[in-house]
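Visitor: Could you take me through one part of this model up close, and then show me how the rest is arranged around the places where chains and strands meet?

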Protein chains: 2
Amino acid sequence: MKKGTVTIKDIAFELNISPSTVSRALADNPLVRASTRKAVKELAKKYNYQPNFTALSLRSNKTKTLGIIIPQIVHEFFAQVIRGIEDFAYGKGYNVIISSTQESYEREVIDANALLTGRVDGLLACISRTTENYDHFKQYDERNIPLVFFDCICDEINTYKVVIDDFNAGFTATKHLISSGCKNIAYVGGPIKLLINQDRYKGYLTALSEAGISENPELVVHCESGDFEDGMKHSKKIVQGSTIDGLFAGTDMLAIGAMKNIKETGLMIPKDVAVVGFSNWSISEIYEPSLSTIDQPGYKMGYKSAELLIDKIENPSSEPKPYETVVLQTELIVRESSKK
Amino acid sequence: MKKGTVTIKDIAFELNISPSTVSRALADNPLVRASTRKAVKELAKKYNYQPNFTALSLRSNKTKTLGIIIPQIVHEFFAQVIRGIEDFAYGKGYNVIISSTQESYEREVIDANALLTGRVDGLLACISRTTENYDHFKQYDERNIPLVFFDCICDEINTYKVVIDDFNAGFTATKHLISSGCKNIAYVGGPIKLLINQDRYKGYLTALSEAGISENPELVVHCESGDFEDGMKHSKKIVQGSTIDGLFAGTDMLAIGAMKNIKETGLMIPKDVAVVGFSNWSISEIYEPSLSTIDQPGYKMGYKSAELLIDKIENPSSEPKPYETVVLQTELIVRESSKK
DNA sequence: TAATCCAATGAAAACGTTTGCAGTAAGCAC
DNA sequence: GTGCTTACTGCAAACGTTTTCATTGGATTA
């Protein structure tokens, strides 16, 4: 290949032995005479021999590479997931290819197909919010390439899944507001199309009904995304037009967007309105007032997903194990924004 | 390989022709009879044939994959760089392997070596702040694998580099503070070991001296990292013990840490102390007061780096072109924190 | 009829590696 | 000297492609 790359053949030629012997010597195979082994290893070291990865892959049908498909990369949560994946994968000798789809269905299809060509031993995916057809993932099953969904999963495909207990998190957050004395609690959430947001919303509703508070549709809004601008835009009517005393947001950025509105309206946080966010991004600690939020175990999610995937890759049972869905618990972090 | 994966051989066998013909037919080679071509393509489609990536790589000595080594992934700037790289690379049919070293020299060495085994066609790297020996990058030159450094570069290695004009950025930021009327301007920067921070600091010093302001070492601190906690910790003495009226920080997080100190001391921003950060992270816009800062063109940096790298990969000139160092300009963004 | 040509296809080598099998030489026992 | 073991090494196939070169059979030409 590239000039200067030394192969087993080169070493074999220089020592006047066969490639087979060199290969065995490098593997410390005792069938090879000790002196030969020594000579081979010395030469390999001298030339800084590195086994050709592609050749190894072709022969073994293993790429020792995992594919990751995520909607965004400029995102603290996904970044943590990636770290978790990497940490487990590296320990097992795997590399990682990351594709971020920018929340685009088309790109997701392209990426999923690109990774299907024997390039990866398995795939970790979090579906984008614009995806409604899942055929590009069905192929993985047909080809027996292990697949793990995390966070934004799709019910349609039967495989390993690692999710967060969004229902319980939404429930806990709302209950926390209720027990702080809030009675008129608004909900500002991300795209309701996504399961995770449906569950957070259900948690909110359930907490209300358990407390005997009837649902008020005027206090609920589902945004297109989960970012700051959306939070500003969609919370405006709720914040200005009504008399809320609490607000649960589906993401920290939505929460902060809402808080900005609340402050501008002249209301005090948490005195007039208590706020709880979701995700525990670093900004939630730094913003003033600091934001109570739900800590999502992103690192753990990545780590666990990689664990499931690599286990499946290395132990491809003939009779398929029933696919597991791992549900990770979250933690409510109480900060200034909800301390009435 | 995996059950269910169909190869050229399978198609050839089923049609009773040779693999060569199938290969040619799939490539639309006119040497193959039209009817044969049609039959092959139909069968390929029926079985959803996908060429084996590894086999192609082995034969062509091209992996169509770029390696990226970065110190951190939970980092808006790097995330933008990655997006820039991906966008250019995808357009050219390349995939991307990302390794984040967590600012660890050991991990950097491991990653650089792992990517050296014929797995990638080229490498994009930003060195970690703990790295002092660069042998793991020198091998790339020896093996003729193109290498591009971005952001945190190393002088020792002669290759393509894409950097930001940190000197000019530091100069501009400080000059802005001076022209806003500041006379006692503090500097709170990241690790001075890194070239980028040396340059930002030099820019600061030069702006001072041009304005006839003499340097005051008591107003200067170099932190170990560039994060919020460091900003809080290291700015405390400067903020509380002296009478500064301006502060230039090497990162937005350092700036915000310092601002928290300033606020706690009872001083007003920008009235008493004007502040300028560096990076234009999203938090700088959201924080109150919003932070004036230097916008770093992360996306552009990634895009340009990928462009240089892929050009070098696809046009490996025998007589090496003189290596280019691309310097990208930044932009001062004035927000509330510096509007006196 | 034989020589020539063209279209279509196949055989084989190559990329770098591992590994089952076969082979060689030396040593030993009879 | 014959036969058997032991210790080591090489050959060849295989992974899935592409591509050079050779081959085939039929049609055309002299």
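Guide: Happy to. Let's start with A:Asn216, which is partly exposed because 14 other C-beta atoms lie within 10 Å, a count that falls between the 12 or fewer of an exposed residue and the 20 or more of a buried one. Please keep in mind that this is a predicted model. A:Asn216 sits in the loop that runs between helix H9 (195-210) and strand S7 (220-222) of chain A. For a sense of distance, take A:Asp155: 61 residues separate it from A:Asn216 along the chain, and their C-alpha atoms are 30 Å apart.

Helix H4 (residues 53-60) of chain A packs with helix H4 (residues 53-60) of chain B at an angle of about 140 degrees, and their axes are 9 Å apart. The two helices are therefore oblique to each other, since only angles over 145 degrees would count as roughly antiparallel. The crossing of H4(A) and H4(B) is left-handed. On H4(A) the contact is made by A:Thr54, A:Ala55, A:Ser57 and A:Leu58, and on H4(B) by B:Thr54, B:Ala55, B:Ser57 and B:Leu58. These contact residues divide into four nonpolar and four polar, with no charged ones.

H4 of both chains also turns up beside the DNA. Around DNA strand C there are 24 residues, the closest being A:Thr7, A:Ile8, A:Ser20, A:Ser23 and A:Asn52. At least two residues of that surface come from each of helix H1 (8-15), H2 and H4 of chain A, and from each of H2 and H4 of chain B.

DNA strand D is surrounded by 24 residues, and the closest are A:Ser20, B:Ile8, B:Ser20, B:Ser23 and B:Asn52. Two or more residues each come from helix H2 (19-26) and H4 of chain A, and from helix H1 (8-15), helix H2 (19-26) and H4 of chain B.

How values were computed. Residues are numbered from 1 along each chain as its sequence is written. Chains are lettered from A and ligands numbered from 1 in the order in which they are written. This is a predicted model: local features need pLDDT of at least 70, side-chain atom pairs count only at pLDDT 80 or more; totals for chains, interfaces and linings use all residues. Axes are lines fitted to C-alpha atoms, for helices over the stretch in contact, and angles run from 0 to 180 degrees between N-to-C directions. Helices (H or I, at least four residues) and strands (E, at least two) are DSSP runs, numbered from the N terminus. Angles under 35 degrees count as roughly parallel, over 145 as roughly antiparallel, 65 to 115 as roughly perpendicular and the rest as oblique. A crossing is left-handed if the near helix is turned anticlockwise from the far one by less than a right angle, and right-handed if clockwise. Two residues are in contact if their C-beta atoms, placed from the backbone, lie within 7 Å. Ala, Val, Leu, Ile, Met, Phe, Trp, Tyr, Cys and Pro count as nonpolar, Asp, Glu, Lys and Arg as charged, and the others, Gly among them, as polar. A residue is near a molecule or strand if its C-beta atom, placed from the backbone, lies within 6 Å of it.
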